[in-house]
Amino acid sequence: MPADLRLHFPILAEQVHGHPLVWLDNAATTQKPRVVIDAISDYYLRANANVHRASHALSARSTHAFEDARDTVCQFLNARHSDEIIWTRGATEALNLLAWSWGSSTLKAGDEILLSAMEHHANIVPWQLVAERTGATIKVIPITESGELDLAAFQQLLNSNTKVLSVTHVSNALGTINPVKEMIAAAKAVGALTIIDGAQAVAHFPVDMQDLDCDFYVFSGHKVYGPTGIGVLYGRRDLLEAMPPWQGGGEMIDRVSFSGTTFQKPPFRFEAGTPNIAGVIGLAAAINYLNAQDRTRLAQHETMLRLKLEQALDQLPGIRRIGTAQDKTAVVSFVCDHIHNQDLGVLLDQQGIAVRTGHHCTMPLMETLGLKGTVRASLACYNTEADIDHFIAALHTILNETITAVQEHAETVVAF
Ligand code: PMP
């Protein structure tokens, strides 16, 4: 495992700088199985037409596939109703939608927006913008040394002014899985709205809206083996029905006249303009692909690889791992004493190995940790033990060469 599964992902056979590609940047984006690529090209080959509007056969085909995909996502999230699934461009747009539509129409001075220190910028900046407009203030749940949320501090921050809790399910920089179910219950007890950023969760374990009981949940298609430019906002039906539109245009209206416009019910109220139909169809193909796998086995495989990687890194000189939470997905962040993150990223790339270096769009988290950034290796179901071996061997060589060069330089300086 998963040698045959790898064959489903054509790009994994690519060579980079004369080496086989080792893709360890899955938290940034995952590669796509052939079924996803085929579903998108099949749509353009056989069904391309705008959805919902026309009376012709191709529109019926595309509308059918488009709305079927909504049912697929509804089941994937175990939501109650398909009209609770709204298409967006990604997690970022879904969070902006919430901040603009719900936030601007509800928040006022004195209200508190509760975020955490490990949020991606996508779950910080939209709230800063809405706080500026409404006078609401942002409060931040701190983290512990291991990179977990400080739950005692969280409890203390909750109060009757807390109007919304918006936190990530899984940290993209550290891999920490947050205890969101307990946090949702605690936030609801003070009457706060609950939003979970699932961008880093859905590819790694099943999520269940009815079990979590959150009000909103967002994710991006491209991090779950689907295409870019498509994402999902799940929202509780009664809450969505009460929310005003945030963008205007075709598709989202009921009647338009110059004396006033009435709007469609959700989900269409929030889907102005021609949607990313091919993206929606590609996302459904990705979810169907994932559903056809043994997800428990995939999760076990990813954990086995992560532990192997962590153990190997701990043997290397000058490497410090960042984020040592008990409950983690397959994200491994580290810093290296001897070499700058960026340089390490470039040297690894020369060996065909793709990792991410930098702040990972979590600048406040990096500031809390006292770091400029980390090197992040993030795994997906198609990674193998051979990928880890290549990565560690390359890192070993780079470190040896760097340490030798530093020692030689020091000796030359002393000789002078
Ligand atoms: N939240 C988290 C936790 C993420 O990891 C990301 C992507 N790195 C986002 C939000 C934003 O996703 P997108 O850029 O696909 O909208």
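The model is predicted, so local features need pLDDT of at least 70 and side-chain atom pairs count only at pLDDT 80 or more, while totals for chains, interfaces and linings use all residues. Residues are numbered from 1 along each chain as its sequence is written, and side-chain values use heavy atoms, leaving out hydrogens and water.

**Stop 1: helices 3 and 10.** Select residues 57-76 (helix 3) and 277-291 (helix 10), whose axes come within 9 Å and cross at roughly 45°. Helices here are DSSP runs of H or I, at least four residues, numbered from the N terminus; axes are lines fitted to C-alpha atoms over the stretch in contact, with angles from 0 to 180 degrees between N-to-C directions.

**Stop 2: the cores.** Select Leu77 and Tyr217, which touch the most other members of the largest nonpolar core, a set of 76 residues. Such a core joins buried Ala, Val, Leu, Ile, Met, Phe, Trp, Tyr and Cys residues through side-chain atoms within 4.5 Å; buried means under 20% relative accessible area with a 1.4 Å probe, protein chains only. Helix 10 gives this core its largest share, 11 residues. Apart from it lies another core, of 27 residues, including Leu309 and Val375.

**Stop 3: alanine 39.** Go to helix 2 (residues 34-46) and pick alanine 39, which counts as buried at 18% relative accessibility. Not counting residues up to four places away in sequence, alanine 39 touches Ile281 and Ala285.

Note on methods: Helices (H or I, at least four residues) and strands (E, at least two) are DSSP runs, numbered from the N terminus. Buried means under 20% relative accessible area, exposed over 50%, partly exposed in between (1.4 Å probe, protein chains only). Contact means heavy atoms within 4.5 Å.
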